[in-house]
Each structure stands twice: as structure tokens, then as C-alpha cells.
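Hi,

Here is the structure I said I'd pass on. Have a look first, then read my notes below.

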Amino acid sequence: MSTLHEMAEAVINGNAKEVREFAEKALTEGLAPQTIINDGLIAGMNVVGVRFKNNEVYVPEVLIAARAMHAGMDVIKPLLTDSAVQDKGTVLIGTVKGDLHDIGKNLVRMMLEGAGYKVIDVGVDVSPEKFAQAVEEYKPQIVGLSALLTTTMTNMRTTIEALRSYHVRVMIGGAPVTQKFADEIGADAYAPDAATAVEKANQLLSSSF
Ligand code: B12
């Protein structure tokens, strides 16, 4: 089995120590940081996501796998900031008001960082006013909103309204969010997963306002 395959298995099993070791091994084998993230860490997390959807694993397993994935990211992250094209732009990201889910948001953050973006993470349960304040302070080009509950999705609309007067693009995501909903509330982009979020961010920056 390849190191990346073993690393994915270790993420699935929630074994943080092993994930860290495989991440180090993959680096000594000369694998690119982005490859290690995509084909090792996220590949493992994707399997957990599917198993979760099928009720084969439950919340604790998801959290333990996410922690293991983070252990691997800790090893890779310093290299990403060195090797990736830096200063592509700034993305401010947070989970909307009333919502405490942050595993998906954190994945999106990591992928954006891996792709060379500076990411300001404002955390969870973030009110529209707090988003607006943070936009004023950090002046990002893109704001990313995450919501995992159908009851908090509506706060994406109020957040977008609160950001109307600022020169920012808004990208949204989270399990219940769809392109249709994004169109309805006037979001500039929607992405169903972290890898697509990077593509959409790139597109937003290359298109004119
Ligand atoms: C883990 C989890 C929790 C954990 C959260 C821990 C944490 N730190 O995040 C805990 C246990 C705390 C929790 C609590 C609750 N949860 Co919960 N939770 C989940 C669970 C099992 C997994 C979510 C997850 O992390 N998925 C893995 C990640 C990687 O996927 P993701 O979040 O979708 O993110 C990806 C994409 O959506 C996208 N994305 C995400 N964010 C963004 C942002 C941007 C900008 C972009 C572009 C893309 C993007 O990219 C990500 C990576 O690919 C889901 C079930 C499910 N199938 O989703 C329920 C689920 C979301 N929870 C649910 C509920 C009901 C709750 C509670 C209300 C339960 C309760 N009665 O207390 C509370 C609410 C607390 C609150 N106020 O937020 C329901 C929501 C139902 C609904 N339709 O609204 C779900 C669907 C479970 C269910 N089937 O009932 N939960």
C-alpha cells in the first residue's frame, strides 16, 4: 500500500499519531504538500463522509477522523505557506449565526490556504454584524459563509444583506446549501465541497465586479 493510501486509512481509523507519521514519511518521499492533502488526508475524510451519510459511522467517529486529519495538516501546513503561490487574495470565512458546525468550514479554510490564499477564520455562530465588522477590519476580496442547519441557512441571506455595501464577493456552502439557494439569496458563488471552493474562489477573483 502506498504511503498516501495508508495515510487515508489512518484518517478513516482516526489514528492521529499514524497520520502524523505518514505525513512525515510522504514528505521525505518527496510528495507535494497539495498531493498529500488531496490524495491522503481529504481522500480519507471523504470516505468517512460517505460512511457517515450511510449511517455506518456516527458523530464521534467523524470528529476523531477530523482530529486525525488536522494532525496531518499540522505537519504539512508550514510547507504549504512556503511552497504555494502566496497572496492570491484574502478570504474571510465563518459559520453563520446560530450554527456551531465547523468541520466543513475548516476543510475549506485549509484547502484555500493550501491554494495560496490568506484566510481569516472568524469562527462559528457569527452574526451578520460581526461579519460586517470583520470585513471592515480585514478587507477580504471574498467572504465564505458556512451553514449546516436548514434553520441557520436563512442567516446567510441576512449576512449577504449586511455585506451589500462592501466591495466583497460572497461564496456559500454547507450540506443543505444548493446552487438554487445561492441564486435566490444573491450569493456570488456556491461550492459543494472544499476542492470546488478553491476553484470558485479563483473564478471570483478572475472575474470583474
Ligand atoms: C458533526 C456534526 C455535528 C457536531 C458538530 C461539530 C463541529 N465541530 O462541527 C455537533 C455534535 C456539535 C452537532 C450539533 C448539532 N447538529 Co449536527 N451534524 C454533524 C454531522 C454529523 C456532520 C457534519 C460534518 O461535519 N460533515 C463533514 C463535513 C466535511 O461536511 P460539510 O460540513 O458538509 O462540509 C463540506 C461542504 O458542505 C462544503 N462546505 C461547508 N462549509 C462551506 C463553506 C463554504 C464557503 C463553501 C464554499 C463550502 C462549504 O465543503 C465541505 C468540505 O467538503 C451532520 C450530518 C451530515 N450528514 O452532514 C449533522 C447535522 C448537520 N446536524 C444536525 C443537527 C440537527 C444538529 C443539532 C441541532 C443537534 C441537536 N439536536 O442538538 C446540533 C446543532 C448545534 C448548532 N447550533 O449548530 C442535522 C441538521 C438537520 C437540518 N437539516 O438542519 C444533521 C444533518 C444531522 C441529521 N441528519 O439530522 N452536529
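Starting with the shell around the ligand: α5 gives the largest share of it, five residues. Helices (H or I, at least four residues) and strands (E, at least two) are DSSP runs, numbered from the N terminus. By the way, this is a predicted model, where local features need pLDDT of at least 70, side-chain atom pairs count only at pLDDT 80 or more, and totals for chains, interfaces and linings use all residues. Numbering runs from 1 along each chain as its sequence is written, and side-chain values use heavy atoms, with hydrogens and water left out.

At least two shell residues each come from α4 (59-83), α5, β3 (142-146), β4 (169-173) and α9 (194-206). Domain 1 (3-83) and domain 2 (90-206) both contribute to the shell, so the ligand lies between them; the bounds come from an automatic or database domain assignment.

The ligand's cobalt has a single protein donor, NE2 of H101, at 2.3 Å. Donors here are N, O and S atoms within 2.8 Å of the metal (3.2 Å for Na, K and Ca), and water is not among the atoms, so sites may look incomplete. H101 sits in the loop between β1 (90-95) and α5 (103-114).

As for polar contacts (pairs of N or O atoms within 3.5 Å), a ligand oxygen is 2.7 Å from a polar backbone atom of D102. A ligand nitrogen is 2.7 Å from a side-chain N or O atom of S146.

Cheers

Terms used. Polar contact = N/O pair within 3.5 Å; in protein donor to acceptor, adjacent residues only side chain to side chain.
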